[in-house]
Amino acid sequence: MREHRRVWFLTSNKGKFREAQAVATASGLQLQMLAAPKIEIQSDNLSEIASYGAQEAAKRLGIPVVAEDAGLFIRSLNGFPGPYSSDVFKRLSNKGILKLMEGVSKRNAKFSSVAAFCAPSRKPRCFTGSVFGYIGLRPRGVGGFGFDPIFIPTKGDGRTFAQMTVREKNRLSHRAASFKKLSKWLLTVQANWLKTPLANDTAQNQPGCLRERLK
Ligand code: IMP
């Protein structure tokens, strides 16, 4: 059996983690969820946001960390909500986006994801993934999270992401693409980082202690 290498993924979003974990596991990398608030900077660039989060977490924790930033970019809204997707989803949710899109016939959109890896005292490395699609006329499906009920991928069968299983979404999604690249790179180019004692097994690197060090 192929040996699984481990790395922490800093996210409190279970849906995100489930998708990323499935992709990483298939590549032979074991992602562990570190459920803590994201370390964020104000930026309109997903790579800058993901890099900063990974670098700052690696510095505070003293171990390699993965962070991700993602967003929905709607063409007729000039790329809105883009890097502000998280705040916009909290304030407007899918209903608000559909309201902004009322009467709009060109509904093209894309999701983008940037997964960043950073080891302590090193520069972060970013991997990107995108998926093109369009915004539906009404929400459909109960799976997934966030904007999944209103996003219909062009290369799919007409269902929204929320109507798909994780496995189906991962065949098409922005996140599957970025984490596939990240996993491959980590397991080949950066294999040494994964061999160092990540100390997942030591007392000071249990999730509770890690979360304390992030504060
Ligand atoms: P962040 O990467 O945690 O800042 O997430 C940005 C926001 O974009 C999330 O809170 C979701 O609302 C939305 N989002 C990102 N990726 C997805 C996805 O795969 N499906 C649905 N919504 C997503």
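β3 gives the most to the shell around the ligand, contributing 5 residues. This is a predicted model, in which local features need pLDDT of at least 70 and side-chain atom pairs count only at pLDDT 80 or more, while totals for chains, interfaces and linings use all residues. Residues are numbered from 1 along each chain as its sequence is written.

The ligand is surrounded by 18 residues, a residue being near if its C-beta atom, placed from the backbone, lies within 6 Å of the molecule. The closest are A70, S85, S86, F89 and G146. Two or more residues each come from β3 (65-74) and α3 (85-100). By type, the shell has 7 nonpolar, 7 polar and 4 charged residues (Ala, Val, Leu, Ile, Met, Phe, Trp, Tyr, Cys and Pro count as nonpolar, Asp, Glu, Lys and Arg as charged, and the others, Gly among them, as polar).

| Pair | Axis distance | Angle |
|---|---|---|
| α2 (46-61) and α7 (207-214) | within 9 Å | roughly 110° |
| α1 (14-27) and α5 (174-188) | 9 Å | about 40° |

α2 is therefore roughly perpendicular to α7 (65 to 115 degrees). In this pair, A57, R60 and L61 of α2 meet L210, R213 and L214 of α7, contact meaning C-beta atoms, placed from the backbone, within 7 Å. These contact residues are 4 nonpolar, no polar and 2 charged.

α1 and α5 are oblique to each other. Residues K16, E19, A20, V23, A24 and S27 of α1 meet R175, A176, F179, K180, S183, K184 and L187 of α5. Their contact holds 6 nonpolar, 2 polar and 5 charged residues.

Note on methods
Axes fitted to C-alpha atoms, helices over the stretch in contact; angles between N-to-C directions. Helix = DSSP H or I, 4+ residues; strand = E, 2+ residues; numbered from the N terminus. Parallel < 35°, antiparallel > 145°, perpendicular 65-115°, else oblique. Contact = placed C-beta atoms within 7 Å.
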